[in-house]
Structures are given as C-alpha cells and as structure tokens.
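Please keep the sequence and the 3D view at hand while reading.

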Amino acid sequence: MRSVIDIKELSVEEIDELVAVAKDIIENPAGYAHKCEGKKLATLFFEPSTRTRLSFEAAMYELGGNVLSMASAASSSASKGESVADTAKVISCYADIIAMRHPKEGAPMVAAMNATIPVINAGDGGHNHPTQTLADLLTICREKGRFDHLTIGLCGDLKFGRTVHSLIAAMERYEGVKFVLISPDELKLPSYVKNGLKQKGIPYEQTADLEAAMPELDVLYMTRVQQERFFNEEDYLRLKDSYILTPEKMALGKPDLIVMHPLPRVNEISVAVDEDPRACYFKQVLNGKYMRMALILKLLGL
Ligand code: NCD
C-alpha cells in the first residue's frame with residue numbers, strides 16, 4: 001500500500017510511466033472506463049477547492065469507480081474535534097483510496113501513517129501539491145515535448161504557493177533546467193526550497209522584474225497571491241497585484257513560450273491573454289484529470 005504525499009516520492013521513471021498512461025487514456029478512454037469498477041475514492045477536503053476535488057471525482061468516475069465526498073470541513077467530525085489520524089482510520093473502512101486537502105502542513109502525511117488505504121495529498125497548507133504538479137508535468141510534456149533544458153520562470157507568491165514548491169521539486173531533477181524566481185521581496189521562495197537548489201548546484205536567479213525576465217523563459221508559471229495564508233489583510237492588499245500578465249508583457253516572450261497557472265486566477269493574468277496561443281492554463285486543468293486517473297490506477301495497483 002503506497003501513498004503520495006510529496007512529488008519526490010515518485011521517481012523520474014514513475015513520472016514517465018504516469019505520463020505514458022495519461023497519454024494512453026487520452027487516446028483510448030474506453031479502455032479505461034471500467035478499470036475502477038467496485039472501487040471507491042474518498043475526497044476529504046478541509047479547505048476550499050473547485051478544480052482539484054472535482055478533478056479527482058471526475059477522474060474516478062471516468063475510471064468506472066465511485067466517490068465518497070464530505071460536503072465541507074465545517075460539516076465534518078473535524079469540527080467536533082476528531083483528529084486527522086482517527087478520520088483516516090475511519091475512512092479506511094469505507095473507501096479504497098483517499099484524496100486529502102488540509103490547511104495544516106503535514107496533515108495528509110499523518111493521514112497516510114494511520115490509514116490502511118493509499119492517501120494522496122491534494123494540497124497541504126503552504127507546503128506541497130503533488131497532483132497539481134502531475135498536471136503541470138503533463139502540460140509541459142505535451143506542449144514542450146521535453147522536461148530537460150528549460151528555463152522556467154515562477155512568478156508571484158513563491159512563499160506560500162505550494163504548487164511552486166512541488167513543481168520545483170519535480171523539475172530540478174532534469175538536466176539543463178534553470179529557474180527564474182520572480183516575486184516581491186516579501187513573497188520570495190522559502191529558504192528550505194532555495195537551499196535545496198543551492199546544495200544540488202541547480203541554477204536559479206531571483207528578481208522582482210517580470211518584464212526583464214520574459215525574453216529568456218520557456219515556461220512562465222504564474223501564481224495567485226495566497227490570501228488565506230496571510231497574517232494581516234494590509235499586507236495582502238499591498239502585494240496582491242504585484243504582477244499582472246498582459247498582452248504587452250506577452251509580447252516580450254518567446255514565440256514558443258508557454259504560460260501556466262494552477263488556477264484559480266484572480267488578477268495575475270489579464271483575460272486578454274487567454275486568446276494568446278501560448279496560454280496553457282485551461283489545458284492544464286484537463287491534463288490534471290488524466291494524470292489523477294493515472295495515479296489512482298497506479299496506487300490501486302490496477
Ligand atoms: C492551487 C492550490 O490549491 O494550491 N489551486 C489548485 O489546486 N489548482 C493554487 C491556488 O489556490 O492558488
């Protein structure tokens with residue numbers, strides 16, 4: 001029985017295997033329509049979500065499985081004081097696999113240690129979000145045709161943005177990858193992530209200037225300023241519109257640049273950019289469903 005809490009638990013070879021399965025699902029959906037018959041996925045989301053929860057649920061339904069879902073954190077027994085460990089033991093009696101999102105860093109890991117079924121981390125606080133990274137990886141693979149020799153700009157809230165932390169952890173393993181970290185001073189990448197890059201000798205530069213960075217990027221990963229992780233409203237209001245990607249800024253980018261965003265978008269990308277063929281954020285959503293299908297199959301041993 002195996003869980004996925006951190007993207008690094010999946011080797012480069014396993015990522016290749018998941019990408020291959022996802023591509024096969026895209027080409028041959030009927031071949032997968034009954035694979036999870038009789039299996040149940042429980043989605044335990046203790047934080048708001050539209051995409052990730054529905055993506056997991058759609059993935060399980062498209063595999064012929066069923067879904068158990070709690071309405072909200074407020075209506076769950078967590079509001080009565082139940083521990084994550086106990087919840088995981090209880091849900092193990094009902095379901096075959098769990099997808100869990102939690103505001104506390106490490107909560108899905110605690111769930112995995114106590115469950116008797118696989119647990120997938122669907123986002124834990126400002127820490128990690130491995131299945132968003134799987135969506136991002138399939139997008140990079142389909143759009144760029146490779147994972148190596150890419151200059152990847154990450155822009156916005158690099159401090160609290162868990163999708164950024166997981167994407168760096170996944171991409172730093174490929175040859176010739178360079179990161180350009182674009183953020184205001186207050187929202188810089190946490191030192192535990194940066195020190196990892198330093199120790200491994202992976203090239204990165206830090207800047208606050210998106211325009212100056214644009215011309216060298218192969219991938220631009222925009223992020224939302226994570227309002228829910230701020231301690232005071234004033235700081236959020238001051239920082240929330242630090243970067244807004246517009247058609248004028250897109251004009252500075254390479255013709256084969258791809259623009260990604262885990263969504264939800266607030267103001268970081270003007271809607272006028274959606275028309276640009278280099279905008280890939282809605283493709284990412286669909287890719288996320290295919291990669292979650294592939295991951296569910298793998299963890300259920302199917
Ligand atoms: C992201 C998340 O929850 O971290 N959303 C998602 O799952 N696609 C990004 C965000 O909320 O800004």
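Helix 2 and helix 6 (162-171) each contribute at least two residues to the lining of the largest pocket. The model is a predicted one, and the distances below are computed from its atoms. The space in the largest pocket comes to about 390 Å³. Its lining is made up of 21 residues, and those closest to the centre are R101, R162, R224, L263 and P264. Sorted by class, the lining of the largest pocket holds 10 polar, 7 charged and 4 nonpolar residues.

Which residues surround the ligand? They are R51, T52, R101, H129, Q132, R162, T163, R224, Q226, P262, L263 and P264. R162 places a polar side-chain atom 2.7 Å from an oxygen atom of the ligand. Q226 has an N or O atom in its side chain that is 2.8 Å from an oxygen atom of the ligand.

The side chain of H261 reaches the backbone nitrogen of L263 at 2.7 Å. H261 itself sits in the loop between strand 9 (258-260) and helix 11. Is H261 buried or exposed? Its relative accessibility is 1%, and because buried means under 20%, H261 counts as buried.

**Salt bridges across the chain**

Next come the charged pairs. How many salt bridges does a search of the whole structure find? The search finds 21 salt bridges, and three of them are followed here.

One is formed by the side chains of K298 and E14, with a distance of 3.2 Å from N to O. K298 belongs to helix 11 (residues 281-299) and E14 to helix 1 (residues 12-27), so this pair ties together parts that lie 284 residues apart in sequence. The two partners fall on either side of the 20% cut-off for buried residues: K298 is partly exposed, with a relative accessible area of 23%, whereas E14 is buried at 15% relative accessibility.

Another salt bridge joins E47 and R229, whose closest N and O atoms are 2.9 Å apart. Here the partners are found in loops: E47 in the one between strand 1 (40-45) and helix 2 (51-62), and R229 in the one between strand 8 (219-222) and helix 9 (233-239). The pair links distant parts of the chain, 182 residues apart. Both E47 and R229 are buried.

The remaining pair is E216 and K178, where the closest N and O atoms are 3.2 Å apart.

How values were computed
Residues numbered from 1 in each chain as written. Predicted model: local features only at pLDDT ≥ 70, side-chain atom pairs only at ≥ 80, totals over all residues. Heavy atoms only, no water. Salt bridge = Lys/Arg side-chain N within 4 Å of Asp/Glu carboxyl O. Helix = DSSP H or I, 4+ residues; strand = E, 2+ residues; numbered from the N terminus. Buried < 20%, exposed > 50% of the residue type's maximum accessible area, 1.4 Å probe, protein only. 1 Å grid on protein atoms, 1.4 Å probe; cavity = no way out; pocket = protein on both sides within 12 Å on 5 of 7 lines; lining within 4 Å. Points joined across faces, edges and corners; volume = space filled by probe spheres on them. Nonpolar A, V, L, I, M, F, W, Y, C, P; charged D, E, K, R; others polar. Near = heavy atom within 4 Å. Polar contact = N/O pair within 3.5 Å; in protein donor to acceptor, adjacent residues only side chain to side chain.
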